[in-house]
Amino acid sequence: MMSIHIRRGFSYLFSQNPSLLCKSRAPFSLYFSTCIEHQPQTNPVLSDFLVQNHHFRPQAASQIASGLTGLKNPHQKSDLLLTFLKEIGFSVTQMENILKSWPELLSANLDKIIKPKIKIFQEFGFSANEIVEMISKEPSILHSSADKRVIPSLSILKGLLGSTAEVAKFLRVSGWYLKTDLDKTLVPNMNFLISCGIPTEKIIWLMYYFPRFLLQKPENMEKFVARADQLGANRSSKMFIHSVRAVSSMNNDTWEHKMKAFRDLGFSEEGILRLFRFEPLLFCISEEKIRKLERFLLDTGKYDLSCIVKNPTSLTRSIEKRYEPRFQVLEILEGKNLIKNWPSFSALYKMTDNKFFEKFVSPYYNEVGEAYLKKCVLARKKEVDSVARLD
């Protein structure tokens, strides 16, 4: 039922707010005063070649060509390279995206640079689709040294992850591991963390979710572990590795700012250190978010900061996706005398979306449904926009 209302909410919101679907247009006068002066150089020969010979979209072709103004005769290398990429499974859209991020690929030597890497991936056991997805995510791996980077890294990853399929799954997300000397980072860091009592499977889990953490300089990893020890983290605890990661994400200034933010919420010095030992992931939350939730909670007039001290994991919940929609619904219901009291903060932040919908939205849908769905849609749109910017 809730999913049906969500879909309707999307339709309603976009029909009422078309600006969510398209950006506002710039004033007409802007197209005359400065745009002509700042137009990037382009390569019309290359642009036409990409459109006519390989069916690129004109806009994408123009963008790629602007990064290769010196390539005057694309037919010599580029035609063979693009034809080869098509033959091994790349779509036009995938080639466009790769070349927009790395236009120099068009001038790469097909026989000496590209084909040998593809052959390595094929002999390693990757399927055509896995090769395409991996390179599409991280095209610069084609420029890595085969003997110094690609082959040794593939061997190390297979030894850790156990199968070609798992290596492919990992590299679809973290293909840049093939550009790194894993013998100088990942291997010594794993050996050190294992010696600290951290299970191998926990470290491999971290590879999937926090891959950059394990590529620290080994001397820095030792410092992070020593700092976690100093702060009272227990090496036998399953949270110890998260304590180490939290330390790695902060310099001294960041740590002090975060300590002050927790103090301002009402935590004692001892309470902060206890929090670090048992809930170290809270220290990976930005100071900005901590301050924002503090202000947001106080503005309601319903809860005070002791609610956060008693429920510190409430800091992990999204303000936009969880707190804002729920608080608005409760304000409307209270204003219309449909509820007498707000739920406790502990119950409110722990409640699942479906449970909240069933209890506070569905029975009063005519009064609060539209407002709730608008907030949910806007929160999701922000999340999608954020992911799009990262891509």
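The count of disulfides in this predicted model comes to zero. Cys-196 has a relative accessibility of 7%. That value is under 20%, so Cys-196 counts as buried. Cys-284 is partly exposed, at a relative accessible area of 30%.

Turn next to the aromatic rings. A pair of aromatic rings is described by two things, the distance of the centres and the angle of the planes. The model holds 21 aromatic pairs. In one of them, the ring centres of Phe-296 and Phe-327 are 5.2 Å apart and the planes meet at 10 degrees, so this pair is stacked. Which side of the burial cut-off does Phe-327 fall on, buried or exposed? Its relative accessibility is 3%, so Phe-327 counts as buried.

Other rings carry a charged side chain over the face. Lys-202 lies over the face of Trp-205, at 4.9 Å from the ring centre. Arg-245 does this with Phe-210, at 3.5 Å from the ring centre.

Now to empty space. Rolling a probe the size of a water molecule over the atoms shows where such space is left. The second largest pocket holds about 170 Å³. Its lining is made up of Lys-223, Phe-224, Arg-227, Leu-231, Val-247, Met-250, Asn-251, Asn-252 and Trp-255. Which helices each supply at least two residues of this lining? They are α13, residues 218-230, and α15, residues 252-265. The largest share, three residues, comes from α13. By class, five lining residues are nonpolar, two are polar and two are charged. Lys-223 and Arg-227 are the charged ones, because Lys and Arg fall in that class.

The model also has one cavity of 30 Å³ or more. The volume of the largest cavity is about 40 Å³. Around it sit Lys-148, Arg-149, Pro-152, Ser-153, Ile-156, Thr-180, Asp-181, Leu-182 and Asp-183. How many of these lining residues are charged? Four are charged, with three nonpolar and two polar residues making up the rest of the lining.

Ile-120 sits in helix α7, residues 110-124. Its relative accessible area is 15%, so Ile-120 is buried. The C-alpha atoms of Ile-120 and Ile-151 are separated by 7.6 Å, although the two residues are 31 apart along the chain.

His-55 is not a glycine, yet its phi is positive, at about 60 degrees. His-55 is found in the loop between α3, residues 44-54, and α4, residues 58-66. With a relative accessible area of 58%, His-55 is exposed. Asn-337 is not a glycine either, and its phi is positive at about 60 degrees. Its place is the loop between α19 and α20, the latter covering residues 345-350. Is Asn-337 buried or exposed? Asn-337 is exposed, because its relative accessible area is 69%, and the cut-off for exposed is over 50%.

Terms used. Residues numbered from 1 in each chain as written. Predicted model: local features only at pLDDT ≥ 70, side-chain atom pairs only at ≥ 80, totals over all residues. Heavy atoms only, no water. Phe/Tyr/Trp six-rings, centres within 6.5 Å; stacked < 30°, edge-to-face > 60°. Buried < 20%, exposed > 50% of the residue type's maximum accessible area, 1.4 Å probe, protein only. Lys NZ or Arg CZ within 6 Å of the ring centre and 35° of its normal. 1 Å grid on protein atoms, 1.4 Å probe; cavity = no way out; pocket = protein on both sides within 12 Å on 5 of 7 lines; lining within 4 Å. Points joined across faces, edges and corners; volume = space filled by probe spheres on them. Helix = DSSP H or I, 4+ residues; strand = E, 2+ residues; numbered from the N terminus. Disulfide = S-S within 2.5 Å.
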